[in-house]
Amino acid sequence: MGDEQFPVESLHVLTFARAIGDDNPIFSDREAARAAGLDDIAAPLTFVQASAHCDPDYPLRPRAGEPWFGSGREPGTRHPELTRTLHAEQHFEYHRPLVVGDVLSWQVIPGDTWTKESRTGGVLEFRDFRTEYRDASGELVLTSRSVTAMTGPATGDR
Amino acid sequence: MTSFSVGQRFSKVLVEDLKRTQLVQYAGASGDFNPLHTDDMHAREIAEFPGVFGHGMLTMAMTGTLLTDVVGIQDVERFGGRFKAQVWPGDTLTVHMEITGITDDGQGGAGVEFSLSTRNQDEVEVFAGTASAHLEDYAEEHAT
């Protein structure tokens, strides 16, 4: 189990629900959530992606004092992997609802790697990994499985 | 909640004329600040895309809102899918959801299977998914 923790907080859930255009009151109003049978305000089905905020090694976040590959005066630089990596698949399995007040820890389990020819003749490299998210008591809350696709360095495949 | 039947369909317009600002809003909420989604200059000149495009996870998250409009979020057991095509600023996305199976659990409840297809204004599928939910009091719902 990783040492990092992801506390599920109400303002963060509200911010996320706004970003995805969901005004379902179970994501913002404790009374509405309880009336719907939940213990507290619920987190949207994909909210656990936001645990990236709590991952100290997450590469897609600018950090003070460190170079960032996005644009400023100039358009930035190619990132050796991230510029050519796309999300291919995402699957969640829910063991119980994620609600405000939960504090999750997670463990990443690497899976298969395979290659496939792309529509433009380049090579796509796929990576599969699972992430198990557990609450403070160690109970499994949800399992995520992601597949990413990385295009070969020389192709402009999209 | 109403009762369900196999073949029953639902649809929802998820976003009309997707704005770049919403991509920034999602970046902030999710923590994914990939410049491919937030930095048009970088997306064009470095990554050689026509411009910024939507996070796949934003499309999936929006798609999931129909599921939790139709069933209780605590009943959802699985939700997943593939990202089929990129989503661009200006796109209008609509999700089409269908009930593909209902299985009586023998204890008064039922497992319900869904297929979900999110398409843009040109009917290009951008996300193809499936989901399942377990409704504990399905039989009672069905009887009323």
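Mentor: We will go through the sheet, a helix and the contact between the chains.

Mentor: This is a predicted model, where local features need pLDDT of at least 70, side-chain atom pairs count only at pLDDT 80 or more, and totals for chains, interfaces and linings use all residues. Residues are numbered from 1 along each chain as its sequence is written, and chains are lettered from A and ligands numbered from 1 in the order in which they are written.

Trainee: What is the secondary structure of chain A?

Mentor: Helices (H or I, at least four residues) and strands (E, at least two) are DSSP runs, numbered from the N terminus. Chain A has 2 helices and 5 strands, in the sequence pattern β-α-α-β-β-β-β.

Trainee: In what order do the strands form the sheet?

Mentor: Strands of a sheet pair through backbone hydrogen bonds, either parallel or antiparallel. Two strands count as paired if DSSP finds at least two bridges between them. Here 10 strands form an open, antiparallel sheet in the order 1(A)-3(A)-4(A)-5(A)-2(A)-2(B)-5(B)-4(B)-3(B)-1(B). Strand 1 of chain A and strand 1 of chain B stand at the edges with a single partner strand each, so one side of each has no neighbour in the sheet.

Trainee: Which strands does strand 2 of chain A pair with?

Mentor: Strand 2 of chain A (residues 85-94) pairs with strand 2 of chain B over 5 antiparallel bridges; there, Gln90(A) has Gly81(B) as its bridge partner. Strand 2 of chain A is also joined to strand 5 of chain A (residues 140-151) by 9 bridges, again antiparallel, with Leu86(A) opposite Ala149(A).

Trainee: Which residues are buried in helix 1 of chain B?

Mentor: An α-helix has 3.6 residues a turn, so residues three or four places apart point the same way. A residue is buried if 20 or more other C-beta atoms, placed from the backbone, lie within 10 Å of its own, exposed if 12 or fewer, and partly exposed in between. In helix 1 of chain B, the buried residues are Leu23(B), Tyr26(B), Ala27(B), Ala29(B) and Ser30(B). Next after this helix comes Gly31(B), with a positive phi near 90°.
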